[in-house]
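Reader: I've got a model open on my screen and I'd like to learn how to read it. Could you walk me through some features?

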Amino acid sequence: MMARKLGLALGGGGARGLAHLGVLLALEEADIPVALIAGTSMGAAMGATKAIAADLRMIRRVLEAVDLNDLLQVTDSTLRELQKIIGRSLLEYVRGSSPWREEGTAPHDLARLCELFSVLTANKSFGDTDIPFAAVAADLETGERVVLRKGKLAPAIAASTAVPGVFSPVAMGNRYLIDGGILEKVPVDVVVEMGAEVVLAIDTGAPLTRRIETCLDAILQSQRATSKHLTDLQLSRAKECLDNQILVLRPDVGWIKMFEFEHTADAIQAGEQVVRDHLDDIRGILDARAATASPLDCEW
């Protein structure tokens, strides 16, 4: 009997999300067939490389060699990033406008994002993918989920990774798009909508175990708690829809903060390890003989 259609749902997490590259490398190593990919934020960036059949080992060498903090002009300090956000907002208030709302202008931060993702995706489009792929973003003004499946890959991934305050929103048509992780940290429902019969979901979200010492820590922890609760609800709904034919893996990257890209190699290795540790489970959900029922026609 043929293996069932495996969909990957690759979640966000900044530097932690580089673990997805390790997951993809280990799946290739084990000859696990991937039929569909949906990614949020860094999951979109790494998922796109697999979708276009890029040389993942080469992508690994590139990411481990470059200084992503320098390239993207972000620091590994949450306090420093907050100071930058406040400073930028004050300048925009004084100017009376935001650069990303001005027609004909391309904010420098988005240019850096698009340049990186153009390199990683060989400047290809969704139509060039070998594996059907979707990137998840959010509409800044309506709060709606936006599933991107047309056009160039690089700007779509930039939209999916545009962390509010850190990167400018991405203008697409009449929308301003931001990081899809605010709505869907792990895009399980998207990959089910794409036709997945079984799902491998990779969660690289921030843990709730960090020490809380300051008011800023408390604010960040409240955001993490909300995100975790929403993700748990979405995963639970996907399990019901797929009759439990979903496997959720969490690489050991919780100790890495969002912009600590100096730990790129560690994150990739953690992704490889979590797949190797669960190969029997992955093969088990792919075995058509293990199916108890067809996926339900779920309303999302």
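Predicted model: local features only at pLDDT ≥ 70, side-chain atom pairs only at ≥ 80, totals over all residues.

Reader: How many of the eight residues of α7 are buried?

Author: Buried means under 20% relative accessible area. Seven of the eight residues in α7 (153–160) fall in that class, which leaves the helix mostly covered.

Reader: OK, on to rings. How many aromatic pairs are there?

Author: Two aromatic pairs. One of them joins Phe126 and Phe133, with 5.7 Å from centre to centre and 20 degrees between the planes, and that pair is stacked. Phe126 counts as buried because its relative accessibility is 6%. Phe133 is buried too, at 3%.

Reader: And why is the pair of Phe259 and Phe261 tilted?

Author: Look at the angle. Planes under 30 degrees apart count as stacked and over 60 as edge-to-face, so the rest are tilted. Phe259 and Phe261 have their planes at 45 degrees, so they land in the tilted class, with ring centres 6.4 Å apart. Both of these Phe residues are buried.

Reader: Now charges. What should I look for in a salt bridge?

Author: The general idea is that side chains of opposite charge can pair when their charged atoms come close. The cut-off used here is a side-chain nitrogen of Lys or Arg within 4 Å of a carboxyl oxygen of Asp or Glu. This structure holds 15 salt bridges. Take Arg237 and Asp189, whose side chains meet at 3.9 Å, N to O. Arg237 sits in helix α9 (residues 215–241) and Asp189 in helix α8 (residues 188–193), so the bridge ties together parts 48 residues apart in sequence.

Reader: Is Asp189 buried or exposed?

Author: Asp189 is buried, because its relative accessible area is 5%.

Reader: Which residue forms a salt bridge with Arg211?

Author: That's Glu213, and the closest N and O atoms of the two are 2.6 Å apart. Arg211 counts as exposed, with 68% relative accessibility. Glu213 is also exposed, at 58%.

Reader: What about salt bridges within one helix?

Author: Here's the background: an α-helix has 3.6 residues a turn, so residues three or four places apart point the same way. Now try Arg276 and Glu272, whose side chains meet in a salt bridge of 3.9 Å, N to O. They are four residues apart in helix α10, so about one helical turn separates them. Arg276 counts as partly exposed, at 37% relative accessibility, whereas Glu272 counts as buried, at 9%.

Reader: Which residues are linked with Glu272 and Arg276 in a network of salt bridges?

Author: Glu29, Arg60 and Glu64 belong to that network along with Glu272 and Arg276.

Reader: Last one: which residues gather in a patch of negative charge on the surface?

Author: For a patch you want residues with over 30% relative accessible area and no salt bridge, with like charges joined within 9 Å. Here Asp67, Asp70, Asp76 and Glu262 gather in a negative patch on the surface.

Reader: Where is Glu262 placed?

Author: You'll find Glu262 in the loop between β8 (246–249) and α10 (264–277). Glu262 counts as partly exposed because its relative accessibility is 45%.

Notes
Residues numbered from 1 in each chain as written. Heavy atoms only, no water. Patch = residues over 30% accessible without salt bridge, like charges linked within 9 Å, V, L, I, M, F, W, Y side chains within 5 Å. Areas by Shrake-Rupley, 256 points an atom, 1.4 Å probe, with all protein chains shown as cover. Lys, Arg positive; Asp, Glu negative; His and termini not counted. Charge placed at Lys NZ, Arg CZ, Asp CG, Glu CD. Helix = DSSP H or I, 4+ residues; strand = E, 2+ residues; numbered from the N terminus. Buried < 20%, exposed > 50% of the residue type's maximum accessible area, 1.4 Å probe, protein only. Phe/Tyr/Trp six-rings, centres within 6.5 Å; stacked < 30°, edge-to-face > 60°.
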